Amino acid sequence: MRHFCWIILVFCIGCDTGTPLYWPIAPQLVTVKGVQFEVRDLRRRAEAIRITNLWFPDTKTILPLALDAIRSVTGCADITPLAVDPSVITARLNCPLVQDP
């Protein structure tokens, strides 16, 4: 049983499901300069998950691409990164919400 738990843990670590807050939101696939991201928009926040395999990705290289992916999905140009990692980028959207009619 212990080995089974380790196997499940390894598979969960390799998932591209993002953080639990964004799980119910359907991702939108975006490609920016050859790097694919799954972007989930949660009104005032958004999360971009890099799904392209890269050897030794650098945060300095990935961050601008992830922010561009978030901009293209949300339509918001004013974005503040909150949590940055080469695989998952979470950002606050500083644009006013569009009111429903």
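Here are some questions and answers on this predicted model.

Q: In which element is confidence lowest, and in which is it highest?
A: The protein averages a pLDDT of 85, and 79% of the residues score at least 70. Where pLDDT is low, the predicted coordinates should not be read in detail. Confidence is lowest in helix H1 (residues 2–13), with a mean of 51, and highest in S1, at 97.

Q: Which element gives the largest share of the largest nonpolar core?
A: This core has 19 residues, and those with the most contacts inside it are Phe37, Val39 and Ile70. Two or more residues come from each of strand S1 (28–32), strand S2 (35–42), strand S3 (45–50), H2 and S5. The largest share, 7 residues, comes from H2.

Q: Which residues of H2 are buried?
A: To count as buried, a residue needs a relative accessible area under 20%. What covers the buried residues of H2 includes S1, S2, S3, S4 and S5. In soluble globular proteins, nonpolar side chains tend to be buried together. The buried residues of H2 are Ile62, Leu65, Ala66, Leu67, Ala69, Ile70 and Val73.

Q: Which residues does Val39 touch, leaving out those up to four places away in sequence?
A: Val39 is among the residues with the most contacts inside the largest nonpolar core. Leaving out residues up to four places away in sequence, Val39 touches Ala26, Pro27, Gln28, Val30, Glu47, Ala48, Ala69, Ile70 and Val73.

Q: How far apart are the end C-alpha atoms of H2?
A: H2 has 16 residues, and at 1.5 Å a residue they should span 22 Å.

Q: What is the phi of Gly75 near, and is it positive or negative?
A: Gly75 is the residue that follows H2. Its phi is positive, near 80°.

Q: How many residues apart in sequence are the parts that the pair Cys76 and Cys95 ties together?
A: The sulfur atoms of Cys76 and Cys95 are 2.0 Å apart, and the two form a disulfide. Cys76 lies in the loop between helix H2 (59–74) and strand S4 (79–84), while Cys95 lies in the segment after strand S5 (88–93), so the parts they tie together are apart in sequence by 19 residues.

Conventions. Residues numbered from 1 in each chain as written. Heavy atoms only, no water. Disulfide = S-S within 2.5 Å. Helix = DSSP H or I, 4+ residues; strand = E, 2+ residues; numbered from the N terminus. Core = buried A, V, L, I, M, F, W, Y, C linked by side-chain atoms within 4.5 Å. Buried < 20%, exposed > 50% of the residue type's maximum accessible area, 1.4 Å probe, protein only. Contact = heavy atoms within 4.5 Å. Expected span 1.5 Å × (residues − 1). pLDDT = per-residue confidence, 0-100.
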